[in-house]
Every structure is written in C-alpha cells, then in structure tokens.
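Please read the following alongside the sequence and the model.

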Number of protein chains: 2
Amino acid sequence: MRITIIGSGNVATHLAAAFKNAGHRIVQVYSRDLQNAALLAYHVKADAIDGLKDINPETDLFVIAVKDDAIISIARSLAPFQKLTVHTSGAADLNTLISIIPNSGVLYPLQTLSKNKEVDFLTVPLCIEGANEQITLELEQLAQTISNNVYRINSAQRKALHLAAVFACNFPNYLYDVARQQLDKQNIDFELIRPLILETAQKVQDNLPVDAQTGPAVRNDQNTMEMHLQMLQDEPGLKMIYELLSQGIIKNAKVGH
Amino acid sequence: MRITIIGSGNVATHLAAAFKNAGHRIVQVYSRDLQNAALLAYHVKADAIDGLKDINPETDLFVIAVKDDAIISIARSLAPFQKLTVHTSGAADLNTLISIIPNSGVLYPLQTLSKNKEVDFLTVPLCIEGANEQITLELEQLAQTISNNVYRINSAQRKALHLAAVFACNFPNYLYDVARQQLDKQNIDFELIRPLILETAQKVQDNLPVDAQTGPAVRNDQNTMEMHLQMLQDEPGLKMIYELLSQGIIKNAKVGH
C-alpha cells in the first residue's frame, strides 16, 4: 500500500517504521516542523513536507498521527483527496472524522511508544474501527501486516482502553519516579528497585492484579502505613496519593477475597 | 549452615526454598498454624512446629519472617538461644532487635513475593545489615549464596527502600486493577493491556522514568484529561487519584525538562 504519514511524533514514527518494514511504501511524511518531517522521512525513504498544499495525491491511505486537537483541521485539509483516512488516537471518536471524510477509520496502537526506544511492533495490540464493514475489513487486513494482535474495538471501547492505559502505564511510570525521588534522598541507586518494577509487571502477565497484590495496605498493616505517612509529611501531595491508593487497596481486599 | 525459619508466609517460603537450593539445611519451620508450617517444612525437608517451646537449639541462624508487629515477641522467645538472628522486614529497624538479641541483623529481600509464583532468587536484591561489622560480613557471605545482588543497607536506607517499593510495586499493581475494572465495563479482556504493562516496566530498566513518561498529563492535553474525569464521575475516589497523579506528572514535566 502507498501510505502518507501526517505527523512525526512517537506514534507516527513507530507506525511509519512498522509499515515500511512490512513492505508498504511511505509516500510522504508531513510535519509543521520540516526538520522533524525530514528525520522520519529519511528513515522510511519518503519525501518530507511541511505544507499540506504539497500533499501528493498518489497515495492509498492517510494516517493522521497528530495531537488530538489537531485531527479535525488536518482532516478538513485532506478531505478533498477522498482517500481512505485513519486517525490513531485513543481518545478521539470516529464519528467526527466520518462527518468530514466518510471513507475513514481508526488505527490505535495500545502501547507506550517513545521515539528513542525500539519496540517489537508485531506484539503491539492494534485496535481498529472502520466507518463501515468494508473499511473495517480493509483496516483489519492492513493492521495484520504489522501486528499479530489486531482487535476490532468501537469508539466507546477505545475510550475505555485509553483511560485504562493511563492507569496501567502513565500513572505507574510516574510512581516509579516518585520511588526514585525517595531513594535519592538516601543516596540509593534506582538500580536496586528495577527488578521489583519488572517482576510486578511480569506477575500480572499470568495472574490478575488483585491476586498479585502485596504490601502493607493489603495486609492492613496500620503501623507501617503510619510510618510511611510520617516519612512523607513534608510532601502533602505524595501523602494524599499514598492515602488514596492505600484506601483503594484495602477496599479491594475486602470486596475481592 | 543450619537455618531455622520462623514464619510460613511469602517471604519465609521463598527464603527457605532459596537457602535449601543453595545447599543449606533447614532445621525447622515454625508457624502458629501447624498446617502452614508443615506445608513449607515438607518442601524444604525440615521439621514443622507450632510452638516456640519446641525450637531445636541445634541451629546456626534464626530467620524471623513474620508480620512486623510480631517480630519483638518472637525475638524475646528466641533470645535465650543466643544464636545469630535476622529479621526480614523493610520497615522494622535493627536497633530494637539488637536490644533483645545483640547477635542480630537484617536480611531484606526487595521483591514482591507470592507463594504461588516462582521467582529466580539469584536476581532478587538482598539488603543486609548487621549489629556489627563481623555480623555484616557473615550475613553478606550467607546472602551471596542465594543472590547475585547483595547490598549493605542501613536501617534509614532500608525504610526509604520499603517506602519506594510501595510506590514502585504495590501502587502500580493496584492501578493495574483499576485499569481492569475500566475495561470490564466495556467487556474488554484484560489481556489487551498486558503488553502495555510489561513494556512500561521494561522501559525503565534502561531509562529513568521521567524520560519514559507518556500520556495526556505530560503533554498537558487538557481536553483528554477532562474527558477522562468525566468518565470517572461516578467514582469520586478514582477521580481524585486521576487528578493527583496527573498534577504530579505535569509538575514533574515542568521541573524536569
């Protein structure tokens, strides 16, 4: 397939590379910043452009991988080409895009993608949705060329997935950083806690989280929790986070088992 | 070494197995619940007891792996034997134990251990502390027979590690469960989000968390955060957790980069 990538961020970068590796041709990479477009375009042997007026109409698919609030205006510029167009957002619904480009869909990779970190794209869950069954089928076949985990997911489900991803990825990563801060205070290397972080994630690959829960809250060990809150007394934000998450764990333990 | 295990929980189970595998002899396993003691004792070819009066004095080391608030009373019962004694707690300091048993120390495994999940103990960071340099050395050598990651860690550092472990392990695991709840509402299998959880933990094995942060908060994407809070409107506890953690990420992004 001939594919045009709109955007040069994390998702654009990984999708473009995955398509290229699967044998598709990347026609152009667009970014408002020509340098960013050029960098990605170089990697996937495409042309770089920084103006939507320079779009090459000889393409089969537009992939809009930009910030959510820029999707609509980009879509308006692409509408005249009447090509199959997808956005890649977890949070944006499909109906708005359909109202501008009827021939459209969604290709949402459920993974934390950073430009400087390679990822085996074949393992990345790809959530697809099409304006109609024919488009859905087409996107499904396309997605299967770059991933072994393709799921049909409607807009409501995709929003739930996106919210769940914030809880399962963005927030844990922030808490890793809080841990690093606490270790720094006692001159302890972050390295010490890395095996714990990895094992915690590995445990829930075969188990449900509720069955893997450990720590003072699930034991309702009030003394230890008191001591931890004492240690956090100069950091009211962290103290509140500690209290709320501990309460959640205690509540889960009562309901769950 | 001849080792007596006091306790039959997660830490007791994994430590006993690791010692046994390394060629040490487990003399006895004590638990208030004889059935629990017997189960672990069977696995490590030891005798099971449920009364401290039945302790066999022919041992070299007592490992106290019980709830923090039971350590002191156990230590009082073991004091007359005048043997090397360690506790395995991240939160309990060493001085209290020394005041009861001068010949004592700490052996704290920094890992999330569940009875039903095997772990390669050689990779588990073991934090040791002794009442004096001779004991520290002895514990260091002992610890190195079961782990490749042995660290000398004082009581203040160990408390910081324990608090950090709550943020890096117990809280993320709870958030995985919150993600599962959100997916359940839309009949989405938890399986979809497992690769994301694993990749999030793998990313910080080579990077610092602050460099791996993704999601709406670090992009300061107010529209998406608003939408997520809307989706959580019937769950005030989760809404507050979402707000506090997002604020933390936004603050980090301002300070960090």
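**From the sheet to the interface**

In strand β1 (residues 2-6) of chain A, 4 of the 5 residues are buried, so this strand is largely enclosed by the rest of the structure. A residue counts as buried if 20 or more other C-beta atoms lie within 10 Å of its own, as exposed if 12 or fewer do, and as partly exposed in between, with C-beta atoms placed from the backbone. Strands (E, at least two residues) and helices (H or I, at least four) are DSSP runs, numbered from the N terminus.

The model is predicted: local features need pLDDT of at least 70, side-chain atom pairs count only at pLDDT 80 or more, and totals for chains, interfaces and linings use all residues. Residues are numbered from 1 along each chain as its sequence is written, while chains are lettered from A and ligands numbered from 1 in the order in which they are written.

β1(A) has strand partners that can be followed residue by residue. With strand β2 (residues 25-30) of chain A, β1(A) pairs in the parallel sense over 4 bridges; two strands pair if DSSP finds at least two bridges between them. In this pairing I3(A) stands opposite I26(A). The two strands and helix α1 (residues 10-21) of chain A make a right-handed β-α-β unit. Right-handed is used here for a path from the first strand over the helix to the second that runs clockwise when the strands point away from the viewer. β1(A) is also joined by 4 bridges to strand β4 (residues 61-64) of chain A, and these two run parallel. Here I3(A) has L61(A) as its bridge partner, and I6(A) stands opposite I64(A).

These strands belong to an open sheet of 8 strands in chain A, with the order β3-β2-β1-β4-β5-β6-β7-β8 and mixed pairing. β3 (47-49) and β8 (149-152) of chain A are at the edges with a single partner strand each, so one side of each has no neighbour in the sheet. On average, neighbouring strands are turned by 25° against each other, direction ignored. Helix α2 (residues 34-43) of chain A packs on this sheet and touches β2 and β3 of chain A, its direction making about 165° with that of β3(A). Such angles run from 0 to 180 degrees between N-to-C directions, and axes are lines fitted to C-alpha atoms, for helices over the stretch in contact. Helix α5 (residues 133-144) of chain A lies across β5 (84-87), β6, β7 and β8 of chain A, at about 160° to β7(A).

The loop between β6 (104-109) and β7 (125-130) of chain A holds V124(A). V124(A) counts as buried because it has 23 C-beta neighbours inside 10 Å. Leaving aside residues up to four places away in sequence, V124(A) touches P109(A), Q111(A), V119(A), S147(A), N149(A) and, in chain B, P195(B). Contact is taken to mean that the C-beta atoms of two residues, placed from the backbone, lie within 7 Å.

In chain B, strand β4 (residues 61-64) is covered on both faces: L61(B) and V63(B) on one side and F62(B) and I64(B) on the other are all buried. In a regular strand the side chains alternate between the two faces of the sheet. β4(B) pairs with strand β1 (residues 2-6) of chain B in the parallel sense over 4 bridges, with V63(B) as the bridge partner of I5(B). Another 4 bridges join β4(B) to strand β5 (residues 84-87) of chain B, again in parallel, and there I64(B) is partnered by H87(B). From β4(B) the chain crosses through helix α3 (residues 71-78) of chain B to β5(B) in a right-handed β-α-β crossover.

How do the chains meet, and how many residues of each are in contact? The contact involves 80 residues of chain B and 79 residues of chain A. On the chain B side, α6 (155-185), α7 (194-206), α8 (209-212), α9 (222-231) and α10 (236-256) each supply at least two residues. The largest share, 26 residues, comes from α6(B). By class, this side has 47 nonpolar, 21 polar and 12 charged residues; Ala, Val, Leu, Ile, Met, Phe, Trp, Tyr, Cys and Pro count as nonpolar, Asp, Glu, Lys and Arg as charged, and the others, Gly among them, as polar.

The axes of helix α6 (residues 155-185) of chain A and α6(B) come within 8 Å and cross at roughly 175°. The two helices are therefore roughly antiparallel to each other.

How values were computed. Parallel < 35°, antiparallel > 145°, perpendicular 65-115°, else oblique.
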